Structure formats: C-alpha cells, structure tokens
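Have a look at the chain below, then follow each solution step by step.

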Amino acid sequence: MTAMDDRPLEARTLISELEGHLLIEATRAEGRAEAARFTRSLAWLTDSQREDVEARFQENYLALTRRSWERTAQRGRDLRAEYEERYRSLRRRLCAGFLFGAALVLAAAVVTTVSSG
C-alpha cells in the first residue's frame, strides 16, 4: 500500500517521525534560548542557581508547547469530525434529491406513456 504521494507507507511514517523529532529539538533549542535570555535579567543568581532556573524554564517551556500542540491537534480532530459529518449530511441530501428527481422523471415518463397509449 502507498500513501497519496506514492511513497511507501513506511517511508511516510519514518518522515513523520523525523519531522516530529526535529520539531521537538527546535522547540528545545527555543526553550534553551528563552531560558538564557530570561536568566540574563537575573544578574544576582549564582551559576548553579542560573542552571537550575534555566533547566526548569526549559522544562516548562517544552510542557507548555506540548500542551499547545495537543490542543491544536484536538481542535483539528474536532474540525475534521465536524466537516466529515457535514459532508455525509450533504451527500445524503444530494442522493435523496437525485432519487426524488429520478422518481419524478420516471413517473412523468410513465404518465406520458400511459396517456399516449
């Protein structure tokens, strides 16, 4: 089985996992940079205190980012479910309209045939 872009499913999975790891590493780097920026304003910290604050800041930054991603992913799933339900509803209405129209055409044909015969 292949994905939409004609790559094998395993390659697509591998690429997705790689993208995830790269995204997490980029977020960790952002967290480190923000932690360093934050602790620069706290000149009174000792080196060990600075390291501790930076480590906690990085953990919190990553956790906050992860929660944000999870909310975004959940919202995407919710929207997908809403759109899929809307699509199914519209498809049912279209099929019902088509069947009703076909029944009307058939009835008109029968009436026309019976009247002229």
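A residue is called buried under 20% relative accessible area, exposed over 50%, and partly exposed in between (1.4 Å probe, protein chains only). This is a predicted model, in which local features need pLDDT of at least 70, side-chain atom pairs count only at pLDDT 80 or more, and totals for chains, interfaces and linings use all residues. Residues are numbered from 1 along each chain as its sequence is written, and side-chain values use heavy atoms, with hydrogens and water left out.

**Exercise 1.** Classify Phe38 and Phe57 by their relative accessible area.

*Solution.* Phe38 has 35%, so Phe38 is partly exposed. Phe57 has 23%, so Phe57 is partly exposed.

**Exercise 2.** Find how many aromatic pairs there are, and describe the geometry.

*Solution.* Start with the rule: rings of Phe, Tyr and Trp (its six-membered ring) pair if their centres lie within 6.5 Å; planes under 30 degrees apart count as stacked, over 60 as edge-to-face and the rest as tilted. The count by this rule is one aromatic pair. The ring centres of Phe38 and Phe57 are 5.4 Å apart and the planes are at 25°, so the pair is stacked. Finally, the pair links distant parts of the chain, 19 residues apart: Phe38 sits in helix H1 and Phe57 in helix H2 (residues 47-116). Helices (H or I, at least four residues) are DSSP runs, numbered from the N terminus.

**Exercise 3.** Is Thr39 buried or exposed, and what does Thr39 touch?

*Solution.* Relative accessibility is 1%, so Thr39 counts as buried. Next, take contact to mean heavy atoms within 4.5 Å. Not counting residues up to four places away in sequence, Thr39 touches Leu45, Arg50, Val53 and Glu54.

Technical notes: Helices (H or I, at least four residues) and strands (E, at least two) are DSSP runs, numbered from the N terminus.
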